Amino acid sequence: MRLHSVDLAKIKIQDPFWSKHVNLVREQIIPYQWKAMNDLIPDAEPSHCLENFKIAAGKKSGAFYGAVFQDTDILKWLEAVGFVLAAEKDEELEKTADEVISLIAQAQQEDGYLDTYFMIKEPLRKWKNLCEGHELYTAGHMMEAAVAYYQGTGKRKFLEVVQKLAGLLCETFGAEEGKIHGYPGHQEVEIGLIKLYQVTRERKYLDLAKYFIDARGVGENYFLKEIQTPEYWNIFPELADYQPVYSQSDEPVREQKAAKGHAVRAVYMYTAMAELAYEYEDQELMDACVRVWKNIVTRQMYITGGIGASGILERFTTDYDLPNDCNYAESCASIGLAMFGIRMAQITRDSSYVDTVERALYNTVLAGIALDGKSFFYVNPLEVWPENCIKRTSKEHVKPVRQKWFGVACCPPNIARTLASMGQYIYAAGEGELYINLFISNQATVHLGNEKVHVTMETRFPFENQVHITVAGVPAGGIRLAVRIPEYARGFHILAQSGSVDYTEEKGYAVVPLNGYTNIAVSFSSPARFVRANPNVRADCGKVAVVKGPLVYCLEEIDNGKNLSELYADTTQKIEEVYTDMFGGITKLVFKGKRIREAAWEKGELYGEYPLSLSDVTLEAVPYAYWNNRGIGEMSVWVKELI
């Protein structure tokens, strides 16, 4: 049997590192995003998504505004609200959410159809543009939101709305004669259908998710055929010359050997594939998941857990192509990678998947939002020179400062729902076994089959590496406690009052049998270190990054001056770890280096034969997650190595 996440209502996070992010969701992010979706943020891109629902419900007149998937802004917001309400009740917030849900229900058509773009703008073209139309993508986010809200509040109204919609999908799509034999251009509905199945146990939802995966890329490509029909129209100009690899539909999913195409589409699809491989005991599908995962993490992933090297089509490119200053690494893509990875960990009980999940969460996902919760990065570069982030160039997608909102605003509410559900990543539970994946201070009540235990974890990780774990209510027969041994951990050991605790190592977990009330301490070291990239990563040859535990660090102009490309790191010298109250308390990293002297170039020449001249400097690095929180300036993760 696979492992499962713990009920979010049963986890209370009180952590020196994560609380400032998790608490921000309720205190700032949700209220701010509510204003954004009501077009109340000055000088920000308008959303209009609530207005679209009002028009679709007949409450207002007007034209549809926004992207074809504009509905999903409020849907992901509702999902975050569901997660927040699971952790702590809030009558006013719940009342607001109920009103939105009532509006959505009023907009739903009699047959269950619910997508404001097609209801308002293209009522005669439903299901005619699966390639670009995002109807199924939007439906998937609606299902995820409804499930989260049901689990957070116990209210069924939204769940009933999406069941009616899902019923329409089951009648419309499938292999049977008379049904549409297509699949989504942007994968996501598969995840929504699986979640809907998990709370309702309606097998038809799971079967439809499986159909969408099974049909993808089989035989003559559905999208290429659809594009040739008279009813088809091009929605996104950049997709005019459509290539099936963009949507991972160029070959059957079970035959795919590497991550390809649009990064968010890919990891959403792989997430569903992992779930379906388990549910249907489909080893061939699981083998495909393992292959693409390995390809991502060993050849196509940034050190920060970002994925998607190209700003054009937001896509994977080829092995080792990881440019730092023009990459995409969309926030949503790293969220999808974490979703994929945690499911693989739960199914395989292999901690290496969690190493990558942790990397994505602590770096790219957190970098996507400012510490005040009111501005966001869509794209997450590893090197920024603000002056060359110019429109209509190869850097136009790179922003040197977080934005108040976006016309295509998938990332801000996606970050909100992720932070609101951080508890799902901490533990995994099975029959008589408890797995600890992330070291985050919390109190939790965990159901292990028919048994219930109470767990408390206390730590100052990632800046300190002691974790105190208390488990109360252990049944007479005992349980298995499995604690992840991170790939960066040195000298890992477990202590109890009686001394050192023996454990067996299983796929990167330290497994300890527990009986009765138990109090143990996990300890290891994770000193700051220099890391190099595989030489095939052309962009990083001769360079190093500095890391500590799961945190990747970066240099910023505010600490190190302009033109960071002039700097060299002296890797023969020790990295000093200095605790500071900056950003609410962090460890910054200080190390020796050199800077190229510019004195010889005072004449303003562009080229010359002047010898390289270096001066001594002390370099300071801060966690990449927090870059640009002190103002605009240059930033770089990788620095040249002094040889």
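Modeller: The turns below go through the sheet, the hairpins, the helix pairs and then the pockets and cavities. The model is predicted, so local features need pLDDT of at least 70 and side-chain atom pairs count only at pLDDT 80 or more, while totals for chains, interfaces and linings use all residues. Residues are numbered from 1 along each chain as its sequence is written, and side-chain values use heavy atoms, with hydrogens and water left out.

Colleague: In what order do the 5 strands of the open sheet lie?

Modeller: Helices (H or I, at least four residues) and strands (E, at least two) are DSSP runs numbered from the N terminus, and two strands pair if DSSP finds at least two bridges between them. Here the order is β3-β4-β8-β12-β11, with mixed pairing. β3 (427–430) and β11 (504–506) each have a single partner strand, so one side of each is left without a neighbour in the sheet. Neighbouring strands are turned by 25° against each other on average, direction ignored, where axes are lines fitted to C-alpha atoms, for helices over the stretch in contact, and angles run from 0 to 180 degrees between N-to-C directions.

Colleague: How many residues lie between the strands in the hairpin of β5 and β6, and how many between β6 and β7?

Modeller: The hairpin of β5 and β6 has 2 residues between its strands, and Gly449 takes a positive phi near 65° there. β5 (residues 442–448) and β6 (residues 451–459) are antiparallel and joined by 7 bridges, with Leu448 partnered by Glu451. The hairpin of β6 and β7 has 6 residues between the strands; β7 (residues 466–472) pairs with β6 over 6 bridges, again antiparallel, and Thr459 stands opposite Val467.

Colleague: At what angle do α1 and α15 pack?

Modeller: Angles under 35 degrees count as roughly parallel, over 145 as roughly antiparallel, 65 to 115 as roughly perpendicular and the rest as oblique. α1 (residues 19–37) and α15 (residues 411–420) pack at about 150° with axes 10 Å apart, which means that α1 is roughly antiparallel to α15. α8 and α11 pack at about 40° with axes 8 Å apart, so α8 is oblique to α11.

Colleague: Which residues are closest to the centre of the largest pocket?

Modeller: On a 1 Å grid over the protein atoms alone, a cavity is a set of points where a 1.4 Å probe fits but cannot get out, whereas a pocket is an open set with protein on both sides within 12 Å along at least five of seven lines; lining residues have an atom within 4 Å of a point. Grid points are joined across faces, edges and corners, and a volume is the space filled by probe spheres set on the points. The largest pocket holds about 1,200 Å³, and of its 35 lining residues Glu238, Glu314, Tyr328, Tyr378 and Val408 are the closest to its centre. The second largest pocket has about 960 Å³, and of its 34 lining residues the closest to the centre are Ser5, Gln151, Lys195, Gln198 and Gln424.

Colleague: How many cavities of 30 Å³ or more are there?

Modeller: There are 3, and the largest cavity has about 40 Å³ of space, with a lining that includes Asn129, Tyr137 and His186.
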